[in-house]
Amino acid sequence: MAFTDYKCVDDVVKKHKLRFVQAPAIIPATDAPQFSDYFRSELEFSLRRLPIGRSEVGAGEIVLFPLLREVWKTYADNLSLFTHELLEFDDDLTGRPDYFVCRPSEYGPTIPEVPYLLVIEAKLDDFEKAWGQCLAAMLAAQKLNATPDQPVYGIATNSKTWEFGVLLGREFTCDPTPIALHTLDSLRQALHAVFRVCRDMSLAHVPSPANP
């Protein structure tokens, strides 16, 4: 089944025999770089003048991608960011996450390459469905990476509220404390924390002989 066929976390947990835990998933990076005044003013303008709550596409274009891109720029030498690209392990775990982050390929930064490190899924006020699809994509990423002891991070968001999780082995940890967009500096610290961990895993990755 495709990622979109999973309607909630329980669907993925039960079918794939995972363990669900509610606990902190990230440690905010209190020393994260500040957003520029220009970025803050542009985001504030978009939030005032554009309808972010009418569609997932609109939320992605107005809030999600600008925020992710702004944070990712700090790590772009070591991480690639993709939007709505195919992520496929088999017929059961396949689909197009809203966004994912992986190691840049030796063939170019616009070509996806293992390890897949972070998946972001957006749904308008339906976090159960968002996490169902996100966790399915995280599991596909883990299987493609072929290293279950390496974390795969996930974010579910409706653009106004952001939730964080991590899949390690057969255990999925979902952070019970969401972060609101209006606490922009807290969100900045959380996003940088995730991207830093992903960068470190990308740098530490040693390609296998079968995937040089």
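**Why these labels?**

Author: Aspartate 175 is buried, with a relative accessible area of 11%.

Reader: What kind of model is this, and how are residues numbered?

Author: This is a predicted model, in which local features need pLDDT of at least 70, side-chain atom pairs count only at pLDDT 80 or more, and totals for chains, interfaces and linings use all residues. Residues are numbered from 1 along each chain as its sequence is written, and side-chain values use heavy atoms, without hydrogens or water.

Reader: What makes aspartate 175 buried?

Author: Buried means under 20% relative accessible area, exposed means over 50%, and partly exposed is in between (1.4 Å probe, protein chains only). Aspartate 175 has 11%, so the label is buried.

Reader: Where is aspartate 175, and which residues does it touch?

Author: Aspartate 175 sits in the loop between strand S9 (171–174) and strand S10 (179–180). Strands are DSSP runs of E, at least two residues; helices are runs of H or I, at least four; both are numbered from the N terminus. Beyond its neighbours within four places in sequence, aspartate 175 contacts Ala23, Pro24, Ala25, Ile26 and Phe164. Contact means heavy atoms within 4.5 Å. The C-alpha atom of aspartate 175 is also 5.7 Å from that of glutamine 22, although the two residues are 153 apart along the chain.

Reader: Is serine 159 buried or exposed, and how do you know?

Author: Its relative accessible area is 0%, so serine 159 is buried. Serine 159 lies in the loop between strand S7 (152–157) and strand S8 (161–168). Leaving out neighbours within four places in sequence, serine 159 contacts Ile52, Ala59, Val63, Leu64 and Leu181.

Reader: Are cysteine 8 and cysteine 134 buried or exposed?

Author: Cysteine 8 is buried at a relative accessible area of 17%. Cysteine 134 is buried at 0%.

Reader: Why are H3 and H5 called oblique?

Author: Helix H3 (residues 56–72) and helix H5 (residues 184–204) pack at about 55°, with axes 10 Å apart. Axes are lines fitted to C-alpha atoms over the stretch in contact, and angles run from 0 to 180 degrees between N-to-C directions. Under 35 degrees is roughly parallel, over 145 roughly antiparallel, 65 to 115 roughly perpendicular, and the rest oblique. H3 and H5 are therefore oblique to each other.

Reader: Which residues meet there?

Author: H3 supplies Leu67, Leu68, Val71 and Trp72. H5 supplies Leu184, Leu187, Leu191, His192 and Phe195.

Reader: What makes proline 115 worth a note?

Author: Most residues other than glycine have a negative phi, and most peptide bonds are trans. The bond from valine 114 to proline 115 is cis, with omega near 0°. Proline 115 lies in the loop between strand S5 (99–102) and strand S6 (116–122).

Reader: Which residues other than glycine have a positive phi?

Author: Among them is aspartate 125, at about 55°. Aspartate 125 lies in the loop between S6 and helix H4 (127–145), and its relative accessible area of 65% makes it exposed. Alanine 146 has phi near 60°. Alanine 146 is in the loop between H4 and S7, and is exposed at 59%.
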